[in-house]
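This report describes a protein model together with its ligand. Please consult the sequence and the structure shown here while reading.

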Amino acid sequence: MILLTGGAGYIGSHVAVALLDAGLDVVVLDNLSHSNSASLERVQSICGRPVHFRQADIRDEEAVYDVLTTYGVTAVIHLAGLKAVGESNEQPLSYYDNNVIGSMRLLSAMQRSGVRTIVFSSSATVYGAPSYLPLDESHSLAPTNPYGRTKLFVEEILRDVHAAGGDWRICILRYFNPVGAHESGLIGEDPLGVPNNLMPFVAQVAVGRRDKLTVWGSDYPTPDGTGVRDFIHVCDLAEGHLGALRQLSEPGILTLNLGTGEGSSVLQVIRTFEAVSGCRVPYEIGERRTGDVAVCYADPSLAKSVMGWTSTRSLLQMCADHCRWQSMNPAGYAGA
Ligand code: UD1
């Protein structure tokens, strides 16, 4: 039985599908602060198999311990956490509490219950401004905001836990920019309030939920002047978690980038989305967003050599699948 913390969220629901499709059993622990349990009903209908669910917070160590022992959990995929950069600047304590203290309580419950296998959802944000590209796992770590620092600090905690011995099996996955949705259109990204990230904003403009997109800067040193990112299909990302679990048969610690290795610009995303959706995505050019870098993309070769994982889905498919999800669920899960 695999425990998914934050399993009702965008990435978690797609990881749940990948695990169930591979024949593994899944229990989700989620406080539903930024997610909806309807996603898990959809996961069950996609896979035709049950997902166990406990509504609880990772900071509640007893609840986590109870889930670990009651369900006979053998490994944890830890996705629960807050992830809005701007909010983390305004409420750093809430980010350290949820992300760092929450991870501490989870690890402590794992220690007590003898579960020693964990895949941690980290982010390319831990690298900070790239000093070279593509970003490989040995790049220096210098996040530029509290959210990024919470990810780095949990990574450091995991490195210390590994160094202390005790047969821990740890995999840190550094995500680039997850987008897209399951091809069924039943599960997808459903951000609370105004989306911070590009693709959900584009999708909401395309379906008419928002008037227009602001492109944050068109004077970057990139081919079309807009920011370039390594967008990765969430189903490719989810499969990376399955690969990571399979690698953790021996004690050790692995740190892997999950990206495609290719950058796409903001304007390329808009044009591709318009082409696959047949919808217009009106936009205006705004100022650069504080903290944004011009270009960021991964060197994903370590994930390939270590676990045979590569992304297979194109930007076109990312946009088509994101669009299908948004069109079938214009108001997200709440509208269902
Ligand atoms: C952002 C976070 C990063 C986090 C990641 C996933 C910042 C500075 N970085 O990454 O730490 O790990 O989300 O949650 O917030 N864009 C627009 N208009 C929009 C939204 C975005 O032009 O309305 C542009 C951005 O300027 C950027 C690109 O689209 O060039 C991608 O932005 P976004 O989706 O927010 O991802 P990141 O900035 O890479």
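## Basis of the model

The model is predicted: local features need pLDDT of at least 70 and side-chain atom pairs count only at pLDDT 80 or more, while totals for chains, interfaces and linings use all residues. Residues are numbered from 1 along each chain as its sequence is written, and side-chain values use heavy atoms, with hydrogens and water left out.

## Ligand surroundings

The shell around the ligand holds 18 residues, of which L198, T214, R229, R289 and D292 come nearest; a residue is near a molecule or strand if one of its heavy atoms lies within 4 Å of it. The shell divides into seven nonpolar, seven polar and four charged residues. Here Ala, Val, Leu, Ile, Met, Phe, Trp, Tyr, Cys and Pro count as nonpolar, Asp, Glu, Lys and Arg as charged, and the others, Gly among them, as polar. Strand β8 (residues 213-216) gives the most to this shell, with four residues. Helices (H or I, at least four residues) and strands (E, at least two) are DSSP runs, numbered from the N terminus.

## The seven-stranded sheet

Seven strands form an open parallel sheet in the order β3-β2-β1-β4-β5-β6-β11; two strands pair if DSSP finds at least two bridges between them. Strands β3 (52-55) and β11 (252-258) stand at the edges with a single partner strand each, so one side of each is left without a neighbour in the sheet. On average, neighbouring strands of this sheet are turned by 15° against each other, direction ignored. Strand β2 (residues 26-30) pairs with β3 in the parallel sense over four bridges, and L29 has R54 in β3 as its bridge partner.

Helix α1 (residues 10-21) packs on the sheet and touches β1 (2-5), β2, β4 (75-78) and β6 (169-175), its direction making about 165° with that of β1. Helix α3 (residues 61-70) lies across β1, β2, β3 and β4 and runs at about 175° to β2. Contact means heavy atoms within 4.5 Å; axes are lines fitted to C-alpha atoms, for helices over the stretch in contact, and angles run from 0 to 180 degrees between N-to-C directions.

## The three-stranded sheet

A second open sheet, with mixed pairing, has the order β12-β9-β14. Strand β9 (residues 228-229) pairs with β14 in the parallel sense over two bridges, with V295 in β14 as the bridge partner of V228.

## Backbone features

Most residues other than glycine have a negative phi, and most peptide bonds are trans. A cis peptide bond joins L133 and P134, with omega about -5°; P134 is in the loop between β5 (117-123) and α6 (146-163). L32, in the loop between β2 and α2 (38-47), has a positive phi near 60°.
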